[in-house]
Amino acid sequence: MSQLPPCPKCNSEYTYEDGAQLVCPECAHEWSADGSGETDSDARVIKDSVGNLLQDGDTITVIKDLKVKGSSLVVKVGTKVKNIRLVDGDHDIDCKIDGIGAMKLKSEFVRKV
């Protein structure tokens, strides 16, 4: 029986082969079986609406009116947001907008300044 490496994401020992990929059944992480050092491939690559790479601390501009869920507020086109923080999930930007407060935004609705 061949010994497969543990999952690089959650260290589960229950990995299995699926063609040329190794798969973790516990966290659903997939990686290359050839061991080409792809364990760092989990680094976030988040781009804005025009393809510019976003990083923590960037300043962005909203490119579309965005309704704030649960209130009657609207984030207007052209609103500048400073010092963003990138996070995992559906909404990949955490920020604080003046006059509104803490918000999560999708990168497809912003442009890097």
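Modeller: Let's begin with Asp-48, which sits in the loop between strand E3 (30-32) and strand E4 (60-62). Strands are DSSP runs of at least two residues, numbered from the N terminus. This is a predicted model, where local features need pLDDT of at least 70, side-chain atom pairs count only at pLDDT 80 or more, and totals for chains, interfaces and linings use all residues. Residues are numbered from 1 along each chain as its sequence is written, and side-chain values use heavy atoms, leaving out hydrogens and water.

Biologist: How do you know that Asp-48 has no salt bridge?

Modeller: A salt bridge needs a side-chain nitrogen of Lys or Arg within 4 Å of a carboxyl oxygen of Asp or Glu. For Asp-48, the nearest side chain of opposite charge, Arg-111, is 6.2 Å away, so Asp-48 has no salt bridge. Asp-48 is also buried, meaning under 20% relative accessible area.

Biologist: What lies 2.8 Å from a polar atom of the side chain of Asp-48?

Modeller: That is the backbone nitrogen of Lys-112. Leaving aside neighbours within four places in sequence, Asp-48 is in contact (heavy atoms within 4.5 Å) with residues including Leu-54 and Ser-107.

Biologist: Why is Ala-28 called exposed?

Modeller: Exposed means over 50% relative accessible area. Ala-28 has 58%, so Ala-28 is exposed. Ala-28 lies in the loop between strand E2 (21-23) and E3, and its phi is near 65°, a positive value in a residue other than glycine.

Biologist: And what makes Asn-83 count as exposed?

Modeller: Its relative accessibility is 58%, so Asn-83 passes that cut-off. Asn-83 lies in the loop between strand E7 (80-81) and strand E8 (85-86).

Conventions
Helices (H or I, at least four residues) and strands (E, at least two) are DSSP runs, numbered from the N terminus. Buried means under 20% relative accessible area, exposed over 50%, partly exposed in between (1.4 Å probe, protein chains only). Lys and Arg count as positive and Asp and Glu as negative; His and the chain ends are not counted. A polar contact is a pair of N or O atoms within 3.5 Å; within protein, one must be able to donate a hydrogen and the other to accept it, and residues adjacent in sequence count only if both atoms are side-chain atoms.
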